[in-house]
Amino acid sequence: MKIVEASLSDMKSTPRGRRQRSPETQALIDTITGLKPGQVKALVPEGSETVKKLRPRISYAARVAGRKVRIAANDEKVMFTLRSGSRSGSTSRAGAASRKAKVQAKALELGKRRKSGIAAQDVIDALNKEGASLGVSRPGTMVGAVLRSMPEFERTGSNQFKFKG
């Protein structure tokens, strides 16, 4: 091995996809790319490796492979599998578009009735009352983001909005 001077501009201009990865990391990327739903793989530390050091390698390889994985570790190995749901993104995009449309329709309905303004929680409560759950882990954040993107509403506070029409 020989160490030589190099240019920082050359390093910054080199696309990440062309940078060399260790054979172990490339094998991990290939394994994650080939994972099928429900299939579980595990990394077992060898030599000076530890479970704690292997977990970030899996995260990195999954990010490079463009896959979302669930990772679980015990004292002797780090296991990983694909997160449930569509890998193509088309199903999740369709679900997100459907949720957004529900939120927009309900927000417009509430905004027209309440001239004083609405909160993201008002939209969530109205949807829940109709039995139309959003099915997301942070519905307030999701509804707030949708309302912020709507030109019909003006943000007046944290998750508080006033109807402009």
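Residues are numbered from 1 along each chain as its sequence is written, and side-chain values use heavy atoms, with hydrogens and water left out. Because the model is predicted, local features need pLDDT of at least 70 and side-chain atom pairs count only at pLDDT 80 or more, while totals for chains, interfaces and linings use all residues.

**Exercise 1.** Describe how helix H2 packs against helix H3.

*Solution.* Step 1: locate the helices, which are DSSP runs (H or I, at least four residues) numbered from the N terminus. H2 covers residues 23–33 and H3 covers residues 51–65.

Step 1: state the geometry. The axes lie 9 Å apart, at an angle of about 60°; axes are lines fitted to C-alpha atoms, for helices over the stretch in contact, and angles run from 0 to 180 degrees between N-to-C directions. H2 and H3 are therefore oblique to each other (under 35 degrees is roughly parallel, over 145 roughly antiparallel, 65 to 115 roughly perpendicular, and the rest oblique).

Step 2: list the contact (heavy atoms within 4.5 Å). H2 contributes Glu24, Thr25, Leu28, Ile29, Ile32 and Thr33, and H3 contributes Arg57, Ile58, Tyr60, Ala61, Ala62, Val64 and Ala65.

**Exercise 2.** Determine how helix H5 and helix H6 are oriented and which residues join them.

*Solution.* Step 1: H5 spans residues 120–129 and H6 spans residues 139–149. Their axes come within 9 Å and cross at roughly 110°.

Step 1: H5 and H6 are therefore roughly perpendicular to each other.

Step 2: on the H5 side the contact is made by Ala120, Val123 and Ile124, and on the H6 side by Pro139, Gly140, Val143, Gly144 and Leu147.

**Exercise 3.** Work out the strand order of the sheet and find its edges.

*Solution.* Step 1: the sheet is open, with three strands in the order E1-E3-E2 and antiparallel pairing. Strands are DSSP runs (E, at least two residues), and two strands pair if DSSP finds at least two bridges between them.

Step 1: E1 (40–43) and E2 (69–73) each have a single partner strand, so one side of each lacks a neighbour in the sheet.

Step 2: four bridges join E1 to E3 (residues 78–82). Leucine 43 stands opposite valine 78 in E3.
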